[in-house]
Amino acid sequence: MKGCVTILYQITSLLIILFLVIYTFSLQRKIRKLEEQQDLHFTGDEDLEKQILEMNNNGSSLVEMVKFVRNETNLGLVPAKKYVDKIINNDFSS
């Protein structure tokens, strides 16, 4: 009897862990999708671009510039980094 309870407890624990893992992956996918949508809707700002270029010329790190863009625009980490990279590399075609 005691063995059956232990096995039932282990199976229940594994099912809970499996559910949590699946749920975590589901949330990560939703976050990625929202970041992509946000990235598509952000067109940029001339003043912001000037500030980024000025920060770059003054020796600010990439991390500082991305953090600045995130604070100013509420973009996610990846879209903000892509935006900063685009500004620094003068790649305005995409």
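Analyst: What follows goes from the helix crossing to the salt bridges and then to the loop.

The model is predicted. The crossing involves helix 2, residues 46-57, and helix 4, residues 77-88. Their axes come within 10 Å of each other and cross at roughly 75°. An angle from 65 to 115 degrees counts as roughly perpendicular, and helix 2 and helix 4 are therefore described that way.

Which residues make the contact between helix 2 and helix 4? From helix 2 come Leu48, Glu49, Ile52, Leu53 and Asn56. On the side of helix 4, the residues they meet are Tyr83, Val84, Ile87 and Ile88. Sorted by class, this contact holds seven nonpolar residues, one polar residue and one charged residue.

Turning to charge pairs, the count of salt bridges comes to two. One of them joins the side chains of lysine 50 and glutamate 46, with an N to O distance of 3.6 Å. The cut-off for such a pair is 4 Å. Both residues belong to helix 2, where they sit four residues apart, about one turn of the helix. How exposed are these two partners? Lysine 50 counts as partly exposed because its relative accessibility is 48%, and glutamate 46 counts as exposed because its value is 53%; the line between the two classes is drawn at 50%.

The side chains of lysine 81 and aspartate 85 also meet in a salt bridge, here at 2.6 Å from N to O. Lysine 81 and aspartate 85 lie in helix 4, and because they are four residues apart, about one helical turn separates them. Lysine 81 has a relative accessibility of 37%, so this residue counts as partly exposed. Aspartate 85 has 24% and so is partly exposed as well; buried would require a value under 20%.

Is asparagine 74 buried or exposed? Asparagine 74 counts as exposed because its relative accessibility is 61%.

How values were computed. Residues are numbered from 1 along each chain as its sequence is written. This is a predicted model: local features need pLDDT of at least 70, side-chain atom pairs count only at pLDDT 80 or more; totals for chains, interfaces and linings use all residues. Side-chain values use heavy atoms; hydrogens and water are left out. Helices (H or I, at least four residues) and strands (E, at least two) are DSSP runs, numbered from the N terminus. Buried means under 20% relative accessible area, exposed over 50%, partly exposed in between (1.4 Å probe, protein chains only). Axes are lines fitted to C-alpha atoms, for helices over the stretch in contact, and angles run from 0 to 180 degrees between N-to-C directions. Angles under 35 degrees count as roughly parallel, over 145 as roughly antiparallel, 65 to 115 as roughly perpendicular and the rest as oblique. Contact means heavy atoms within 4.5 Å. Ala, Val, Leu, Ile, Met, Phe, Trp, Tyr, Cys and Pro count as nonpolar, Asp, Glu, Lys and Arg as charged, and the others, Gly among them, as polar.
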